[in-house]
Amino acid sequence: MRRMLLAGLVALATTPAAMAQAPATASLDLETIMANPEWIGAAVESPYWSVDGHSLYYSLKRDGSKVRDLYRVDVASGQSVKLTPEAVAQADGPAVFDRNHRQAAYIRHGDVFLMELATGRRVQVTRTPETESAPRFSADGRGLQYRAGNQWFVYDIASGVAAPAALLQLADDPQAKQPDALGEDQLRLFSTLRKIKADKDAQRTNDDALAAVDPGRAPKTLYLGDIGELVDTELSPDGRWMLVVTQPKGYKAGKAPEVTHYVTDSGYSEQQATRTYVGRKDPAPQSLLLVDLQSRKSWPLKTDSLPGIKDDPLKDLRAKAIAALQKAGKGDDAKALKAPEQRAVRIISNADDGGGGGIAWSEDGQNVAIQLRAIDNKDRWIASVDFDKHALLNQHRLTDNAWINWNFNDFGWLKDNRTLWYLSEETGWSQLYSKAPGSKAKALTSGKFEVSHPALSEDGQWFYLRGNQTAPYSYDVYRLPATGGELSRVTQYQGMDDFVLSPDGKQLGVLHSAPYVLSQLAVQDAAGGTPRELTNTTKSAFSSRAWIAPQIVGVPSAHGAGTIWAKYYGPADPAAAASRPAVIFVHGAGYLQNVTLGWSNYFREQMFHNLLVQQGYVVLDMDYRASEGYGRDWRTAIYRRMGHPELEDLLDGKAWLVKNHGVDPKRVGMYGGSYGGFMTIMALLRAPGEFAAGSALRPVTDWATYNHEYTSNILNDPQLDPEAFTTSSPIEYADKLQDALLIQHGLIDDNVLASDSIRLYQRFIELHKKNFWMSLYPMERHGFVHPDSWYDEYRRIDELFETYVKPARQAAPAATQ
């Protein structure tokens with residue numbers, strides 16, 4: 001299932017009456033900016049079409065609560081209504097349709113429902129405490145398949161009976177166990193034991209005979225052998241095959257660090273385990289099993305035929321690390337780094353995202369594609385299955401000497417059930433491809449831009465995509481014929497967040513936003529045309545203010561990177577910017593795009609930038625190298641050297657401010673959170689004197705203590721590539737601190753642990769550094785949620801800039817409290 005890009009990722013609610021009356025011309029203040037964002041409004045979330053295609057459903061955060069309420073808007077009239085609990089019980093869910101569009105199925109409150117389109121008759125298929133998911137019609141249209149966890153069921157539409165598709169057991173068949181020599185001796189000696197065994201055998205034979213001719217019985221347990229732990233199962237639409245994903249039994253991820261909760265309901269400090277550090281142990285390798293549910297036989301799908309599976313892409317680094325360990329007398333550690341004969345792989349579990357993960361069946365069940373990824377992150381394969389030979393057939397290999405992107409991995413089958421389609425960054429940009437059996441892949445799109453979110457229309461004629469063809473920061477819906485042809489732009493928003501295609505394929509529900517407009521829902525013809533707006537949930541207290549429109553500017557790179565796109569905030573009169581101090585904001589996540597024409601995840605920071613301009617600063621917000629939206633080379637520029645290309649870009653941003661807006665180079669500050677906090681510290685430590693002060697929020701200071709999934713992509717493992725970790729970790733440059741640094745961290749952060757900040761702080765203490773401070777927040781995780789914490793955090797940032805970035809005062813600066 002395509003992951004939805006929800007605008008904002010923020011908690012929003014209603015407008016307090018007093019704040020709603022605030023005049024649009026009132027000066028900004030931190031109390032307003034960092035208050036509970038109820039006064040802004042609520043972003044429209046999770047839209048989907050009704051089964052009849054006449055309405056769109058969507059969710060809105062409830063006023064003063066985390067609960068999301070369900071709304072329905074009539075597409076023709078534009079009238080929107082909040083559904084009562086009784087109406088929610090009768091509402092559709094996101095639907096799937098049979099091949100003839102006569103029936104639909106969907107999930108509501110974790111149960112499966114079936115609807116007859118001609119009459120509107122609805123049947124509740126399940127009513128269980130389990131959560132069912134992934135409904136789809138069988139290949140012959142007679143059954144409805146769905147899953148509960150890793151158990152698949154088939155509902156026979158004619159009889160109204162549901163039954164397990166298979167009962168799989170990862171254990172040896174107890175009935176197949178043969179007696180050993182002692183057991184044979186017992187049967188020889190004792191006639192009673194022989195009689196008991198004969199009775200059991202006769203009963204089993206009779207049961208098997210009855211089951212063979214009685215379709216009304218549940219299937220017998222199918223024992224697959226003691227082959228590990230179950231990770232995922234995927235049933236073919238024709239009901240014959242099951243793909244089973246396993247991992248080694250009892251595989252342990254390694255020791256996990258803990259965080260301490262100091263402010264608790266009980267009054268006692270409490271411990272919470274988090275995630276393991278990078279390189280402490282690789283993720284569990286996974287294996288594939290093909291099961292024929294008709295013959296009740298199974299075969300392992302070996303990966304040894306995948307091209308490059310036996311190569312070692314880290315050969316040179318491995319040899320260097322092993323030599324260093326052997327020289328240091330650490331023979332056992334060197335031996336542990338020996339390359340495996342065959343690289344381990346993982347299969348994205350469909351259960352992780354509700355279906356549509358790493359296994360995709362054709363609608364007729366005659367073909368299947370499986371996406372496998374090497375645990376070392378350098379290869380991605382898409383393979384089909386030869387059902388006669390019980391073997392994987394490689395269809396596409398994507399290799400990257402840095403790492404395979406975690407985005408742009410969508411794939412599936414065209415309606416002919418024979419042609420594979422997939423996204424790939426093989427040209428350096430995410431583009432869409434198709435591959436017919438026995439032929440070479442065909443590029444359906446091409447160019448120096450990115451496409452994502454491919455959606456195939458129900459009639460199979462069109463692909464709809466999210467793309468930024470016109471400019472890296474401008475996103476809209478595009479479409480092209482499924483067999484290839486012209487890529488045409490369907491919407492004109494430039495800030496398109498997501499889209500959903502109507503059941504008949506004629507209309508699009510479009511989520512779109514702007515820098516100061518929360519994500520809203522519109523509808524327009526799928527071929528293009530004028531949209532009709534269906535929602536307006538941004539509150540007037542927010543929208544009526546005279547916000548500064550961020551100017552998207554291109555900063556030339558002095559380091560061969562081309563253009564670095566950025567958002568500039570300054571006074572209305574460009575001449576008034578001269579001689580002002582400046583602040584550079586650094587977004588988080590590394591691979592995230594903040595320079596767009598849509599609503600920003602950093603909406604508080606955007607308001608803070610308005611306040612800074614009001615206070616006499618100019619602000620630059622840059623999509624430095626590693627940011628999303630600019631292709632593979634931009635993304636992987638940081639491979640094995642995090643914090644280095646990005647710093648070059650930030651210094652180019654500072655130079656641009658000095659040249660184009662007369663900013664005093666001695667009065668430039670910097671701040672950011674998470675990856676932005678990491679970069680703030682790297683800037684101060686690796687370019688001392690360039691920035692007057694910096695505030696690092698929840699920063700990574702030592703990549704060796706961050707998680708495996710993110711870090712090993714970029715820096716490999718610390719045992720294998722210690723140089724990359726040393727080069728990339730701020731703690732290694734602690735002796736270079738000379739500028740004012742404020743570190744801020746949530747104490748119960750279970751993403752970037754507070755110990756990262758505390759360890760760096762201790763290094764500064766031991767190095768006798770000055771002008772560094774730390775502020776800890778006992779009730780905050782990685783993303784702050786309490787307005788008091790937000791206010792305190794930004795009050796300190798504001799005071800830091802006022803003290804160290806504004807013109808110097810005569811008196812010695814006081815420490816930030």
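Glu426 sits in the loop that runs between strand E27 (420-424) and strand E28 (431-435). This is a predicted model, so take every distance here as a property of that prediction. With a relative accessible area of 43%, Glu426 comes out as partly exposed, because that value falls between the 20% limit for buried and the 50% limit for exposed. Setting aside its neighbours within four places in sequence, Glu426 is in contact with His396, Leu398 and Tyr433. One of these, His396, also takes part in a polar contact, side chain to side chain, at 2.7 Å. The side chain of Glu426 makes another polar contact, with the side chain of Ser424, also listed at 2.7 Å. Asp400 belongs in this picture too: its C-alpha is 8.4 Å from that of Glu426, although 26 residues separate the two along the chain.

Now go to Arg466, in strand E31 (residues 462-471). Is Arg466 buried or exposed? It is buried, at a relative accessible area of 13%, and the reason is simply that this is under the 20% cut-off. A polar atom of the Arg466 side chain lies 3.3 Å from the backbone oxygen of Met496. Back along the chain, Pro454 is 12 residues from Arg466 in sequence, and their C-alpha atoms are 7.2 Å apart.

Glu45 counts as buried, with 11% relative accessibility. Its side chain has a partner in Arg68: the two side chains make a polar contact at 3.1 Å.

Thr246 is next, and you'll find it in strand E16 (residues 241-247). At 5% relative accessibility, Thr246 is buried as well. Which residues does Thr246 touch, once those up to four places away in sequence are left out? The list is Leu170, Ile227, Glu229, Val231, Pro285, Gln286 and Ser287.

Arg296 lies in the loop between strand E19 (287-292) and strand E20 (297-301), and its phi is near 60°, a positive value in a residue other than glycine. Arg296 is partly exposed, with a relative accessible area of 37%.

Ser674 also has a positive phi without being a glycine, near 65°. Its place is the loop between strand E42 (668-673) and helix H12. Ser674 counts as buried, at 15% relative accessibility.

How many of the residues in H12 are buried? The count is 11 of 12, so the helix is mostly covered, with "buried" meaning under 20% relative accessible area. Among the buried ones are Tyr675, Phe678, Met679, Ile681, Met682, Leu684 and Leu685, along with Gly676 and Gly677.

Strand E39 (563-569) and helix H9 (603-614) each supply at least two of the lining residues, and H9 gives the largest share, three residues. By type, the lining of this cavity divides into three nonpolar, four polar and three charged residues.

Compare that with an open space elsewhere in the model, the second largest pocket, which contains about 1,100 Å³. Its lining takes in 35 residues, and Pro164, Ala165, Pro215, Arg217 and Pro219 lie nearest the centre. The elements that give two or more residues to this lining are strand E10 (143-148), strand E11 (151-156), strand E12 (161-164) and helix H5 (191-213). What kinds of residue line the pocket? There are 18 nonpolar, seven polar and 10 charged.

Methods:
Residues numbered from 1 in each chain as written. Predicted model: local features only at pLDDT ≥ 70, side-chain atom pairs only at ≥ 80, totals over all residues. Heavy atoms only, no water. 1 Å grid on protein atoms, 1.4 Å probe; cavity = no way out; pocket = protein on both sides within 12 Å on 5 of 7 lines; lining within 4 Å. Points joined across faces, edges and corners; volume = space filled by probe spheres on them. Helix = DSSP H or I, 4+ residues; strand = E, 2+ residues; numbered from the N terminus. Nonpolar A, V, L, I, M, F, W, Y, C, P; charged D, E, K, R; others polar. Buried < 20%, exposed > 50% of the residue type's maximum accessible area, 1.4 Å probe, protein only. Contact = heavy atoms within 4.5 Å. Polar contact = N/O pair within 3.5 Å; in protein donor to acceptor, adjacent residues only side chain to side chain.
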